[in-house]
Each structure stands twice: as C-alpha cells, then as structure tokens.
Amino acid sequence: MTLPKNHAAYVIGMALLACSAACAAGSAGGTARPWLDPRLSADQRATLVLKAMTQREKFQLISTQFGDTENGHIMSPGALGSAGYDPAIKRLGLPALQESDAGLGVAKPLRLGATALPSGLATAASFDPALAYDGGAMIGSEAHRRGFNVMLAGGADLVRDPRNGRNFEYAGEDPLLTGLIVGKAIAGIQSQHLVSTIKHYALNDLETARTTLSADIDPGAARESDLLAFEIAIDTGHPGAVMCSYNRVNSVYTCEDDWLLNKVLKHDWHYPGYVMSDWGAVHSAAKAALAGLDQESAGETFDKAVYFDQPLRAAVATGQVPQSRIDDMVRRILRSLFANGVIDHPAQQAPIDFAADKKVAQRTEEAGAVLLRNAAALLPLSSSQSVAVIGGHADKGVLTGGGSSAVQSPEGNAVPGLPPAAWPGPRIYQPSAPLAAIVQRAHGKVSYADGENVAAAAQLAAHADVAVVFVEQWAAESFDSPDLTLPGDQDALVAAVAKANPHTIVVLENNGPVAMPWLHQVGAVLEAWYPGAAGGKAIARLLYGEIDPAGRLPLSWPRIEAQLPRPQIPGAGLASIGLPPQGQPAEHVDYDIEGADVGYRWYQRKGIQPLFPFGYGLSYTRFSYSDFQSRIEHGRVLASFTVTNRGSRKGVDVPQLYATLPGSGKTRRLVGWCRVSLKPGQSAHLQVVADPRLLADFDGTNQRWQRPAGSYLLQLGHSATLFQGQGAVMLPQATWPADAPPTGASQACLASRN
Ligand code: BGC
C-alpha cells in the first residue's frame, strides 16, 4: 500500500447494514426485482441485476472504499470501521459490502472484540481439514453477527522462507496441505453466508518491499507449487473472491497480470468469482481491467488514484476497455454475493456465543501444537511436580501475530502498550494465561518469573521440579525477520534456566522456525505457534497430557539460515521493535533457485537435513506401521497399511503418503495422509488415495499436465524423511489440458479399526 496503515481500532459506531432482511425478501419472486428469487441460479440472478443497473451503479460496485478512519480517510456513515465498504444499492435490494479481515478471526471492530483462532500454521499442523472448516465457520459466524458479509481470509501463499512475517497467516510449504486446509477454512466461512477471499494471489511469499518486489519464477514451476496450492484451495472451498497481491510476478504487478488473472485463474481454472485488489495494489485502470481485475479496494486511501473510477470510465469512453469487461466485473461480483447467500441472508448484528467459539479455538490449538522434543519422557507433567513458570507474559496471556489479521479478544489486550506503537502494531495478547491454567493442574508449588532478570529466573528454576519457559517472537505483516534468532535475551534466558534445571521445557509462541542453540540442554520443546483465544488452557492441557500432542510440522525447520535457498533477505527487519533493517531491499527475488521444490523437497534435492523435517511431530505414545501395500484401482493410486498404537496412552497419529515420480532429479511429494486416534494397543487399517493432482508435472511448452510413464515410488512416512513401508506402482503416460486438470481424490483417507 502507499500509505502506512494503522489498524488500531477506531470504531465510530456500529451501523446496521443499510439493507435488511426485509429488503432482500421483500419482493422475492416479484417481477420488480426478479433477481431476489432464490430459486434462480446465482448466474441467472446476477445477469438479471446487471440488466437493471445504471453505469453509475456498476462503477460503484467495482471500487470499494476504505472502511475505517485511518490515514486521514473520512469514513462513510454506513461503514463499520473495518477494511472495506461499498454502500448499499437500495433500489436494487443490494446490501452494502462490509469487508473485514481476516483468516484468524474478525480483526475489527476491535472495540467489540472477537475470538482469535491460533495461527494458520497451527490449523495446518492438525492435518485436519474438518477442523479447518469448523474454525472457518466459527470466524465466519462472528463476522456475520457483526454485520460483515465479505471476509478477507484464506491466506494460501506457500511458506518459502521461515522468516516471512506473515507465515502465521498461511498453511505451510506444501501445496496439497495448504490447498485442502485453506480450502476447507474458506468453505467454513462461506457456510455462514459470507464471501471469503483467498489471498494473496500470488507468490506474495515475502513482506520486505512487498509492494515492489518481483517474485521471479518459471511459470511451470509456479503451476506446480504456489499456484497449485491456490488451485486446490479454490477447487475445495470455492471462494467468492480472489485477492491479487502487492508484489510483482516476473516483473508484472499481480493485479495487472493477464497471465495470472485471465489465463490461469479465469480460463484454466474456470474461476467464476471476482478478483479484488489488495489495499494499495492497483497501478493502472485499463491495464488492470483488461488483465482481469474486477474490483479495486480502497483506492481513494491506498492507491495513487481511484483507477476504477474516472480513469476507467475514460478508458471505456475511448473504447480501450469494452463495456462488456465492466459488465463482466459486475456480474462476477454479484454472482459471488448470490452464490454465498449474502443477499438472501443479510449480515446483521446478533449475539455471539464467545464461550462456544473459544472452544473451537482451543480444539484447533490442541490439535495443532507440535511436540518437537521430549527427552527422557519429561512430558507429560505430573500434577505432583512443583513448577517454575518463566517468561513470555505467561502470567497474562498468549501472543498474537500482528498486522491486518490481528484479532483482539472481547476482554481486551492482555498486555497492552508493547512496541510497536504504530502499524503493524498493536502487539496483541489473548487473555488466556498459561500460568493460571498450570496453577489449576499442579498440586505442587507454582512460581513465576517474568524472565527479565535472567539470574533470578534461573534461581527460581533451580528450586522447582520442572521449569517451563515461554519464549516469544512477534511477527507481523509488512516486515520479515532478518534471521532465525529469537529476539532479546531469550536464548540466554533459556540456556541459564536449563543450566539451573535440566528438567526444562520450552514453549514457543512464534511465527515459525527459530534457531534453538540451547535445544540439547532442554528436556522438551512444544511449538505452540500463536496459540489463539484459549491458548493458555490448551498449552496446559498438552503439557499435562490431558490430550496427546497431535500436530505435525506443516513446514521444514532449518538448522541455520545457510540451509535456506536464500540465506539472506536484504532489507528485512523493523526498526520500531529493535530489528533495524540491514541493507537495501531487493527488487527481485529468485524463486527459480528452488522452483517447485519448496521446503522438504529442497532439503531432499540438496541432500541436507533440516533440524526437524516437514510432517514431524512427537506424541506421548508410539505408532508403528505395517502391512504396506500399494495398488491401482479404477485408475486411482491407493496405499493401504496398518497403524498400531504401541505405547500405553491414547494418541493421535498422522501417517503420510509420499510419492516420487519417475525420472531423474525428482523429489518426493505429499500425496495424501490420514489422521487417526488410537487407544493403547489398538490398530487401524487405513487406505489413502494418492491425489492425482500431485502425480503430474506441468508441461509449460505444451501448456498441459503430464503424468510420465513409469514406476512411482510410494513411501509411508512418519514425516517427510522417516519412512516405514514402501511400494511402487506402474502408471502409463497421461496428459490433461491446463483447463481440465486431473480431479482431486475424494475420500482421501478411509479407515477401519480393530
Ligand atoms: C493486507 C491484506 C488485507 C488488507 C485489508 C492489506 O494490508 O495485505 O491481507 O486484507 O490490507 O486490511
């Protein structure tokens, strides 16, 4: 965006949507407004409205306003004080568009608060698309009950770099996992009669210089990686809108990229919805319109001009942009509104059951926290142990990532006033204190030190049976971390505490992978991500073994920056939190270094071991795999196997199926998985259908998907590097046109227990 954005709450007052339920239902079926007849298809209804619209109304719909008062913007009376707004067109029975961020909950209006889901990475780590749906439905319902009908959710950019400041909004490094998790989250949101976006299309995989950076990549490699994640998510969740991103791809701004918007999205993927811009991502009128942009967002505040007003009208007048393109924009927007029930079920103020919603956030964190280390079975804790709780504001709450997606609890910010004071702050904590939840479970003494004084914290630890150190890394939209180092003195704190008490457990509240120089000095490490509205309770339940840690890493965890495709991010950092940017930001980032081999595929290609591989995560019990068989049935590649719980506790496992395509230099790909809960000694016989979309390569020359003939290696993994069971199947060559790719595996995992 062109202006710095302060997303602090400034709610002038809540207004009901200008068009109420009565307005929508009023003449349903009547001839005056036949598009209000819900028996017609969304396409028919959109076409009918379009015919009745004036040019002025059409232009109103294709450019929204900023919905808030920041950056000198004078908020329209009907706006709700959030990201975007477009007034109702009462004459036609069309409600105002009220747009709110984001994928982890309703970001604004902050003064009313909302329930925060944990990081998107936590949801992804659950490997549970049904849980992602529940989370989406929960935040969608809160948004609808606050009066919003468009949710700026669905972060699907791949994690190509663990230092990217927005990783916590995304779903990891794998296209299938990201596609299914984000797709289901979108479906959940839209089940509540809202339009959800999917964003940021595409390759917005770094925040440094995000409004100018060009992501350079071979188009075929993009189709097999970042674009495949979007393709699968769109196919799964049918988002009503796609948000084009700030960055450029191969030097072209994404919101004016004919290849990305017209060719890939609208032609090849047959996308029927609309493309809206990110806030400040539009740079032209005719070029963007002809490339496929359908709606300019908040141009009056964030773009150099409202391109989709006078400049676009002028382009239509001269014939540079045909009227049919304007009509197509409008039809697409209307179609999505009808298809998702926005018009038939208008969003309006309604009570919210925050207690029930918090449970959804809790379940997500409990399913998505990843146990990275547990030496000598230090965890789970026993209630008889005395505990020293240290650091991370664990006496007050749990951390939230920053920027437009930050959600504040209805009970307020548990630790107000921490830097940065301005955008991308505020730094928000959910008032769910791990300390209180530990106190509830421990019968032994529980003491607390804030960790500011390292020696005092070590002393406290020396006098307790176990020490639990909470460490944190605040990340946010608009900047990347310059390195993997934990901020401040936290490494020294952990090292000192571990020296004083070898029974030290570290709980990470962070954006993702960080260096852990003290790893082998501590007994256990729990990756809690940003833990969400009930994070403190969920963490305590995991530490005390009330539930089994079932999260598996949705990304690879490097040992050091040198293992990454690009060891440095020039210009990364944020001075206001003590990380002054070093060097000048680059104009281009070369993603051809790894191409489609993102994350675990990169490590395999280079023959290097990350600290923890993709798919890794410990449990309090042990699982073994046996009876692996692979075969082809009705053209589908199937693997069946038995999973047995060999330990003495109930637990959850995520057996993962990887395939390696024939040909030299191929790396393995996740093609399916199961998530199964087993009692001690119990077995389950499982069957995974390999997703055919992952069994083909994109042939850029012929613009088609191609499955090479030959032997496909199938491996059953505890992670992307540890296998127990493998086989091979022979497949004949096959090709699919780019606009008719192989279809996804329905019922990807089948289970029977004995
Ligand atoms: C972000 C988007 C967000 C928009 C509206 C932008 O800064 O990149 O993700 O939806 O603001 O707040």
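Predicted model: local features only at pLDDT ≥ 70, side-chain atom pairs only at ≥ 80, totals over all residues.
Among the elements of this chain, helix H1, residues 21–25, has the lowest mean pLDDT, 40, whereas strand E7, residues 241–244, has the highest, 99; pLDDT is the predictor's confidence in each residue, from 0 to 100, and helices (H or I, at least four residues) and strands (E, at least two) are DSSP runs numbered from the N terminus. Residues are numbered from 1 along each chain as its sequence is written, and side-chain values use heavy atoms, with hydrogens and water left out.

The chain as a whole averages a pLDDT of 94, and 95% of its residues score at least 70. Over residues 1–30, however, pLDDT stays under 50, and for that stretch the model has 83 contacts beyond four places in sequence, a contact being heavy atoms within 4.5 Å.

Let me turn to the strands, where two count as paired if DSSP finds at least two bridges between them.

The hairpin of E20 and E21 has two residues between the strands, and here histidine 634 takes a positive phi near 50 degrees.

Another open sheet is made of three strands in the order E27-E28-E31, with antiparallel pairing, and its edges are E27 (697–699) and E31 (734–737). Strand E28, residues 704–707, pairs with E31 over four bridges in the antiparallel sense, and glutamine 706 stands opposite threonine 735 in E31.

On a 1 Å grid over the protein atoms alone, a cavity is a set of points where a 1.4 Å probe fits but cannot get out, whereas a pocket is an open set with protein on both sides within 12 Å along at least five of seven lines, and lining residues have an atom within 4 Å of a point. Grid points are joined across faces, edges and corners, and a volume is the space filled by probe spheres set on the points.

The largest pocket has a volume of about 730 Å³, and of the 30 residues that line this pocket, Glu452, Glu472, Pro487, Gly488 and Gln490 lie nearest its centre. Strand E16 (466–472) and helix H17 (490–500) are the elements that give two or more residues to this lining.

How many cavities of 30 Å³ or more does the structure hold? There are seven, and the largest has a volume of about 200 Å³, with 21 lining residues, among which Gly103, Leu104, Gly120, Thr123 and Ala185 are the closest to its centre. Helices H4 (120–125), H5 (129–144) and H6 (175–190) each supply at least two residues of that lining, and H6 gives the largest share, five residues. The second largest cavity holds about 120 Å³ of space, and of its 15 lining residues, Arg160, Pro162, Glu173, Leu564 and Gly599 are the closest to its centre.
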